[in-house]
Amino acid sequence: MPRKKVYYRPLPRISELSRPFWEASREHRLVVQWCGACEGSLYPASPTCHRCWSAELEWRAVSGRGVVLASAVYHRAFHPAFKEAVPYNVVLVELEEGPRIVSNLVPEQTVEIPRNLPVVACFEDVTPQITLVKFRRAGEE
């Protein structure tokens, strides 16, 4: 019988506020909050809109398509669990719908990642409860 893969890195803490995001991610869907008052999108989850302060919020599916605004390659592990991953990248992705998400570009790449690189969301099932949202180059889905 094959050994079960164990995930050793820190996991997100799921709150009642963020639960819809993590439940959708587990289903390999990307959702963000949407304000019914001003029609703006929000990420991360918030109890009120950061534009108009309305609490009229709902979760909506988004395309998962976006562009890399910024990236960095980490050559030092700032947490012991990432020691084996060094070097690894971190990207700031702006989704077509507006929100920005910090994640990784996969497969793991440590070369310079160009600004405005088109990307699409993908999902990494790390535990039965947690699926992480990552990104890959558009066209390489």
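I began with the rule for aromatic pairs: rings of Phe, Tyr and Trp (its six-membered ring) pair if their centres lie within 6.5 Å, and planes under 30 degrees apart count as stacked, over 60 as edge-to-face and the rest as tilted. The model is predicted, so local features need pLDDT of at least 70 and side-chain atom pairs pLDDT 80 or more, while totals for chains, interfaces and linings use all residues. Residues are numbered from 1 along each chain as its sequence is written, and side-chain values use heavy atoms, with hydrogens and water left out.

**Entry 1: the whole protein**

I looked up the elements, taken as DSSP runs numbered from the N terminus (helices: H or I, at least four residues; strands: E, at least two). The protein has one helix and eight strands, in the order α-β-β-β-β-β-β-β-β along the sequence.

**Entry 2: helix H1**

Which residues of H1 are buried? In this helix, residues 19-26, I found Phe-21, Trp-22, Ala-24 and Ser-25 buried. They lie on the same side of H1, because they cover an arc of only 160° around the axis, judged by the directions from the helix axis to the C-beta atoms. I then looked for what covers these buried residues, and the cover includes strands E1 (31-35), E3 (57-61), E7 (118-125) and E8 (131-137). Just after H1, His-28 takes a positive phi of about 60°.

**Entry 3: aromatic pairs**

How many aromatic pairs does a search of the whole structure find? The search finds five. One of them joins Phe-21 and Trp-22 edge-to-face, at 4.9 Å centre to centre with 90° between the planes. Phe-21 is buried at a relative accessible area of 5%, and Trp-22 is buried at 13%. I also recorded Tyr-74 and Phe-78, an edge-to-face pair at 6.0 Å centre to centre with 90° between the planes. Tyr-74 is partly exposed, with a relative accessible area of 30%, whereas Phe-78 counts as exposed at 58%. Finally, I noted that ring pairs link Tyr-74, Phe-78, Phe-82 and Tyr-88 into a cluster.

Definitions and conventions. Buried means under 20% relative accessible area, exposed over 50%, partly exposed in between (1.4 Å probe, protein chains only). Contact means heavy atoms within 4.5 Å.
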